[in-house]
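Good morning, and thank you for joining this group meeting. Please have the sequence and the three-dimensional view open while I speak.

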Amino acid sequence: PWQDARVREIHVRPGDRVEVGQKIAIVESATISRSLAELAAEKARIGGRVAQLEGRKTVITTLLPLAESSAVEAQAFLNKVQNAGANGLAVSKTLVDLTAGSVQASERSLSLKAEQVSLEIEMKANKTAFDLVSAAYDDLQQTYGNGILYAPVSGYIGTHVAMAGEVLSGGND
């Protein structure tokens, strides 16, 4: 069934009658076990990354309205102080400080918006990768079936039956 499968248990003897679906042997494959472990680790890694991204998305979703509001308020206050400055009622230093604060608030708002877009793209890519790895894991798990071999048809076992410990080579057994 698999290139490097080692027979762990045999449940039939030469000449036995078997029915379709009857368990006939249990094998173990180091290659498939390793592949399953690697896929499981990759699922965990990608799943962790998706969780991190979702956490970051929550933070951004919470902070973005505050940042936008802060930018609007900073700009409105700057406009008021600039009008007062035009009438000689504000100090240049105050205008410089408020301008810097307004720019900083706007920059934070724009930065969060850009990160929000980028997160959506990254989350979509990671979720797609997670789905692909999960499907590959599930397919391999189902194909391997814990190494249990079942009779594909009803009939009699031939004269050659592998022994426990024997390594099967694909197509010959």
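First, a word on the source. This is a predicted model, in which local features need pLDDT of at least 70 and side-chain atom pairs count only at pLDDT 80 or more, while totals for chains, interfaces and linings use all residues. Residues are numbered from 1 along each chain as its sequence is written, and side-chain values use heavy atoms, with hydrogens and water left out.

Let me begin with the overall form. The protein has 2 helices and 5 strands. These elements are DSSP runs numbered from the N terminus, where helices are H or I with at least four residues and strands are E with at least two. Read from the N terminus, their order is β-β-β-α-α-β-β. The radius of gyration is 33 Å, well over the 16 Å that the globule rule gives for 173 residues, so the protein is more spread out than a compact globule. Here the radius is taken over C-alpha atoms, and the globule rule is 2.2 Å times the number of residues to the power 0.38. Along the principal axes, the C-alpha trace spans about 110 × 25 × 20 Å.

How much of the protein counts as buried? Of the 173 residues, 23% do. Buried means under 20% relative accessible area, exposed means over 50%, and partly exposed lies in between, with a 1.4 Å probe and protein chains only. As for contacts, meaning heavy atoms within 4.5 Å, residues 24 or more positions apart account for 81% of those with a separation of 6 or more.

I turn now to the sheet. Strands of a sheet pair through backbone hydrogen bonds, either parallel or antiparallel. In this model, 3 strands form an open sheet in the order E1-E3-E4, and the pairing is antiparallel. Its edge strands are E1 (5-10) and E4 (148-150), each of which pairs on one side only. From one strand to the next, the twist averages 35°; axes are lines fitted to C-alpha atoms, for helices over the stretch in contact, and angles run from 0 to 180 degrees between N-to-C directions. Two strands pair if DSSP finds at least two bridges between them. E1 and E3 are joined in the antiparallel sense over 5 bridges, and Glu9 stands opposite Ile26 in E3. Strand E3 (residues 23-29) also pairs with E4, again in the antiparallel sense, over 3 bridges. Within E4, Tyr150 is the bridge partner of Lys23, and Leu149 is that of Ala25.

Why is E3 described as largely enclosed by the rest of the structure? The reason is that 5 of its 7 residues are buried. Ala25, which is found in strand E3, counts as buried at 7% relative accessibility. Leaving aside its neighbours within four places in sequence, Ala25 is in contact with Glu9, Ile10, His11, Gly147, Ile148 and Leu149. By comparison, the C-alpha atoms of Ala25 and Lys113 are 88 residues apart along the chain and separated by 59 Å.

Next come the helices. Gly55 is found in helix H1 (residues 30-86) and is partly exposed, with a relative accessible area of 33%. Between the C-alpha atoms of Gly55 and Lys124, 69 residues apart along the chain, the separation is 14 Å. Lys124 and Glu73 are 51 residues apart in sequence and 34 Å apart in space, C-alpha to C-alpha.

Phi of Asn146 is near 60°, a positive value in a residue other than glycine.

Finally, consider Ile157, in the segment after strand E5 (155-156). Ile157 is buried, with a relative accessible area of 18%. Apart from neighbours within four places in sequence, Ile157 is in contact with Val12, Arg13, Pro14, Gly15, Asp16 and Val18. The C-alpha atoms of Ile157 and Arg17 are separated by 6.4 Å, although they are 140 residues apart along the chain. Arg17 also lies over the face of Tyr156, at 5.3 Å from the ring centre. A charge sits over a ring if NZ of Lys or CZ of Arg is within 6 Å of the ring centre and within 35 degrees of the ring normal.

Thank you for your attention.
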